[in-house]
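The structure comes first, then the points.

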Amino acid sequence: MPRYEQVADDLRARIHEGEYAIGAKLPTYAELTDTYGVGRGVISSALGVLEREGLIRVVKKAGIRVLDWRVQRRRISRGQLIYRDPRRGYVGPAASSPDEPWDTHGRPVTSYEPIPERIAEVLGIEPGIAVLRRRRVTSPAGEPPFQIVDTWLSAEVVRDAPQAAEPNTGPGGYLDRLEEAGHGPISWTEYGRGRLPSREEATLLDISTEAPIFELLWAGKSAQTEQIIEVTSRVIPADRVELVSELRRDESAQWPVEPVTPKQ
C-alpha cells in the first residue's frame, strides 16, 4: 500500500474514533510530517484523499478542519412529478414529501450577477451578461446546508413580473408570479451533471473544493412564448445524496418473453 494511503487510513480511523472531533483541527502539515516521518508531498496526497471523501476541509492559513462526516446520504427519487404545497408553492423531488419542513441558512440574496456559461447556454443568452439571480442555501429542517439554489431570471420575465425580483415574492414564490404574469403553466426540463465546486460553493456548503457535487438544472419554459424564462441550479454535495429512479419495461421488453424459434 502506498505510504500516503497508510497515512490517510490512520487519520481516517482517528477521525471516526473521535480522536479528532467534528469541527476540530488536525495537526499542521509540519506536525503531520514529523508524526508519520514522511515528506510534505505524502501528507498532501493523504489529505487529498480525505478531502475527496468529505472528511476534512483544508483552508489556507486557517488549518485543516474536520467536517461533519456523520450526515446521512439522502435518497431522492428522480421521478417526473412536480408537487405543490399550498403555502410554499411548487415542490421538487429533493423533498421527501410536499409538506416536509426545510430551513434556509442565512438570508436569501437577490442581485444581478454575471451569468455562468452553463446557465447562459440553457437560458439562451450570452455568458457574462448581468442577470438577476435569486440565491438560497437550504436543507431539510435541522440538517447542515444541503444545497445552494440559484434561480436566474431572464430580463423579459423580470419586466413582466417585477415582484419576482423582490426579496419577498409573496405566497407561492416567484414561480406563481411568473405564471400569474401570463407564462403559466410553466413546464420544466431537468439536466444533471457532476463536477467539482467553486471555492464560493465549497464555503457556502462547508465542504472541500476537492469534494464532488451534483449540479441539477431546471429549465422553466413559458407556455406563452415557448421560451426558457428561468433556470434554477441546485448544487448538492455528492456524498449527501443518492439519486434513485424506478425503471419501467418498454413494450418491447414485456414478460413473458416470447421464445426465439431456431432457424432451420
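The points below cover ring pairs and charges over rings.

1. The model is predicted. In this model, 2 aromatic pairs are found.

2. One of the pairs is W102 with F146, whose ring centres are 5.8 Å apart.

3. W102 belongs to strand 6 (residues 102-104), while F146 is in the loop between strand 8 (130-140) and strand 9 (147-153). The pair therefore ties together parts that are 44 residues apart in sequence. F146 has a relative accessible area of 2% and is buried.

4. W188 and W218 also form an aromatic pair, with 6.2 Å from centre to centre. The angle between their planes is 50°, and the pair is tilted.

5. W188 is in strand 10 (residues 187-195) and W218 is in strand 11 (residues 213-221), so this pair ties together parts that are 30 residues apart in sequence. W188 is partly exposed, at 22% relative accessibility, whereas W218, at 10%, is buried. The cut-off for buried is under 20% relative accessible area.

6. W218 has a further contact: the charged end of R234 sits over the W218 ring, 4.5 Å from the ring centre. W218 thus takes part in a tilted pair with W188 and has the charge of R234 over its ring.

7. Another arginine placed over a ring is R40, which lies over the face of Y29. The distance from R40 to the centre of the Y29 ring is 4.0 Å.

How values were computed: Residues are numbered from 1 along each chain as its sequence is written. This is a predicted model: local features need pLDDT of at least 70, side-chain atom pairs count only at pLDDT 80 or more; totals for chains, interfaces and linings use all residues. Side-chain values use heavy atoms; hydrogens and water are left out. Rings of Phe, Tyr and Trp (its six-membered ring) pair if their centres lie within 6.5 Å; planes under 30 degrees apart count as stacked, over 60 as edge-to-face and the rest as tilted. Helices (H or I, at least four residues) and strands (E, at least two) are DSSP runs, numbered from the N terminus. Buried means under 20% relative accessible area, exposed over 50%, partly exposed in between (1.4 Å probe, protein chains only). A charge sits over a ring if NZ of Lys or CZ of Arg is within 6 Å of the ring centre and within 35 degrees of the ring normal.
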